[in-house]
Amino acid sequence: MKSKVGVIAKREYIVGIKKWGFWLVTLGLPLLIFIIGLFSLVLGVYTGSRVADKEEETSRELGILDEASLLDWASLNETGPKTSIDPAIAAVLEQMDLPAGLRGKIEEAVTKSEWNRSLNYTVFQDLETARAALKADQLRGLLVFPTDFLTNYQATLHLPNEDSDRFSMRMVSSDLRDAILSRKFEEGEIDQILKPLAGLETVYLEKGKEKKESAPFELTRYVLPALFMFIMMLAILTSVDRLLRGLAEEKSNRVIEVLLSSTTAEQLMAGKVLGLGLLGLTQLAIWACLALVPIALLFTFIRLDPVSMMVFAIFFVLGYFLTAVMTLALGSLGSNLQEASQYSAVVILLSIMPTWTFPLIISEPSGLLARIFTFFPFTTPLVVVLRQAAGEIPTWELLTSILVMLAALFLAVKVGARIFRIGILLTGKPLGPRALWRALSQA
Amino acid sequence: MILRLDHVVKKFGETHAVKNISLEIPKGEICGLLGPNGAGKTTLIRMIMDIFKPDSGTITLTSGLSSERKNHIGYLPEERGLYSEVKVRETLIYFAELKGLTRAEACANTDHFLERMEMTGVAQSKIGKLSKGNQQKIQLISAIVAKPELLILDEPFSGLDPVNMALVTDVIRELRSDGVSIVLSTHQMATAESFCQEIFLINKGELILSGALEAIISGYSGNSLILEGSGALPPDSCYRVLSSERGRHKIELLDGVSTKGFMGWLAGVEFETRAIKPYRVPLSEIFIREVKRHG
C-alpha cells in the first residue's frame, strides 16, 4: 500500500511547482537582482563620466593665501591628467575578469572622475588679488591660512556665493597634515605616529594548525557568508510561507476534515513538510544554477568550497524542517492566514534573530554571541552557514550543532504533532490562553 | 455487524460530548444517526473516523478488514470541504489515493463515479466554478470513490435540486444493494424514514433510542387511529383523543381495546364516519417526544 505521507508530499510539490508565484520568486528574484546590478553599473559608469565631463568645465584651481608659510603648495600640483587608476580599484577589476570593452569603459570613467576630483593649488601673495581671481571664476575657492594658523588652527574658505558647489578637501587636509607633522617630527617618527602598530609582533603560546590560504579578496570573507545567510533565510521563509498559506486555505475551505477522514494529523503534517521542503530545495537548486553562471563568467576569484556547500545543504534541511514543523503546528491554531501568521510569528522571529545582530557576528564570527547562536536551534542554521563560509567554525562545534539540531527536531515533531492534532480542527473564534492550554494538555 | 462502539466516552474540558454510547452498525443496511443540534453526533462520527480518539471505550471495525479503519470508511461531512482552485478529477484522484488506492485504481474509480453522477462534463473544471449542487455531488463522489465498506453521510441532500436528489437517492440505494453499510445523519426526518432500516437517536451525548425503524414507529403508533367524519365524537372510556381538527380526529385506543371492538362501538354512536385508518406516528414526532422526555 502506498505511503500516505508520500501521496500528500507529492501533491504539495506538484501543486506548488505549478503555481506562477513560485516561478515569479524563483526566476524573478535573481533576474531582478541582475537587472538592478546591471542598471547600477551602467548608471554608475554613465553618471561618473557625466560628472567627470561636467567637472572638466569647472575650474580645478584652488587659491591659496598661506600667510603662515606652511608648505610649498606649487610643488604638490599634478602635472597632468592621471593615466592610471588607484591600485586597489585596479586589483578588483583584475579579479572580476570582465570583457575588455566593459573594463576599459569602467577604467576610463574612474580615471577621469579621480583626476577631476583632485585640485591644483594657485598661490597668492595678497587677499585682494586672490579674491579678484575668485570673482572672475578663475578659482573653485580660496583657502586663507592666517599667520597664527599653527597656534589656533583657524583657516577660512572663500567661495564665490552660497550656491557654489562644495568640493572635497581631503587632499588638502592630507597635504597639510603631512606638512605640519614634518615640522615637528623627523620623517621616521611620522610613519610610526601614523601607523603605531605597523611593527606588531605576534607570539603564539602553542603551535596551531596551518591556517587555510585566505581568500584573495575581502568580498569572500564578508559578502559571501552574508549572501549564504540571506539565501538560506529567504529559502526557509518562502517555504514556510507556502506551508502556512496551504494550511490556512485547507482550514478555511474545510478540506481538513475530509483529509483527516483518510489520514492522521501526523501523516498530514509530515507530507506537507516534506513536499514543500522538496519544493524549497528545488528553488535553491535553480538559484544555485543561476548563480554559477555569473560566478563562472565574472567573479572567478570566488572559490565555492564543497564543504561549505555541504554544510549549507545540511543546515538548510535541518533548519527548514525545524522551522516548518513548529510553524505548521502553531499556525494550525489560527482559523485563517492572518491568525496563523500571528501564532507562528515567534518561530520566524527567532529564526531571523542573527540578521539583527549581523554586524556583531560578522565582526567576531567566533565571539560569544556567535557561539550562543550556534547552539540555539532556531538560529543555528543561519549562523553556522555564515561562520563556515567565513572559515571560523571548529569541526567540533559544527558536529555538535548538528546533534543539537537533530535533538531539537525530534522534540519539535513530538510537541508539534500534538499541537497540530488539536489546532487543525479548531475553527471560529480562537481559543483563549487558558482554554488552549487545557486543550493541548488533553491532546 | 460492520462496526461496533463499546462504552465510548468523549469529554472536551467539562463538556461531556459523548456519554458511554454502545451501538452496532449492521452490515449492508442504512442506519439513521439522529439527534438535535449539539447532541454529539458529529463527535461520534469523528471518533468513528478516527479523527478523535475516545477517552474510553472501543470502536471496532468488523474482522476481515485491515487495521487502518479510515481506508474502509467513506465520509461525507455536513460542511463541504473541497479545494476551490483545483480541478474536479485531480481532487477526486487525490482523495482516492489517500484511501490507499493505487493511481490506476483511483483514476478508474474516479471516472466511473463521475459518469454515474453525470459529472463527466465538469471533470476538468475547477471546483470553485461549479454550482453548490454540483459541488455537493463532487463531495459525495469523494466519499464513495474508494468504494468503502462503510459510508457515513451527513446531510447528503443539502443543496440539491429535486433532480439531483433523485440521482443521489438512486446512488445510495445502489450502494446499499452492493452491500455497502450506510450511516445517514440528517435532520430531515422524512429522509430518514424513507431510507433507514435502523435508527440511533442521540441527545446530550446519550443514546436515548435505537432499533429497527418500523418496530419503533409501530411501537409509538400502537393503537392509534385517524377518524374522519362529521358530528361530535362522543367521549368514551375505550379511547382518548390525541388531537382534533375540523372533523379529523387522531385517537388512541386504550389498553385492551381492539380496533374491531372500537368500530363496533362507533357504529352505535351519532357520528357520521367518512374514513378510518391506522395512524402512523411520524419519526419527527417520535424524535420530539423522546428528546423532550430525556431533556
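In which sense do strand β11 (residues 239–245) of chain B and β12(B) pair, and over how many bridges? In this predicted model, local features need pLDDT of at least 70 and side-chain atom pairs count only at pLDDT 80 or more, while totals for chains, interfaces and linings use all residues. Residues are numbered from 1 along each chain as its sequence is written, and chains are lettered from A and ligands numbered from 1 in the order in which they are written.

The pairing of β11(B) with β12(B) is antiparallel and extends over 6 bridges, where strands (E, at least two residues) and helices (H or I, at least four) are DSSP runs numbered from the N terminus and two strands pair if DSSP finds at least two bridges between them. B:Glu245 has B:Arg248 in β12(B) as its bridge partner, and in the hairpin of these strands, which has 2 residues between them, B:Arg246 adopts a positive phi near 45 degrees. Strand β12 (residues 248–253) of chain B also pairs in the antiparallel sense with strand β10 (residues 224–230) of chain B, over 5 bridges, and B:Leu227 stands opposite B:His249 of β12(B).

Chain B is divided into domain 1 (3–65 + 149–217) and domain 2 (222–293), with bounds that come from an automatic or database domain assignment. The centres of these domains, taken over C-alpha atoms, are separated by 34 Å, and 11 residues of domain 1 are in contact (C-beta atoms, placed from the backbone, within 7 Å) with 9 residues of domain 2. On the side of domain 1 that touches domain 2, α6(B) gives the most, with 3 residues.

Terms used:
Two residues are in contact if their C-beta atoms, placed from the backbone, lie within 7 Å.
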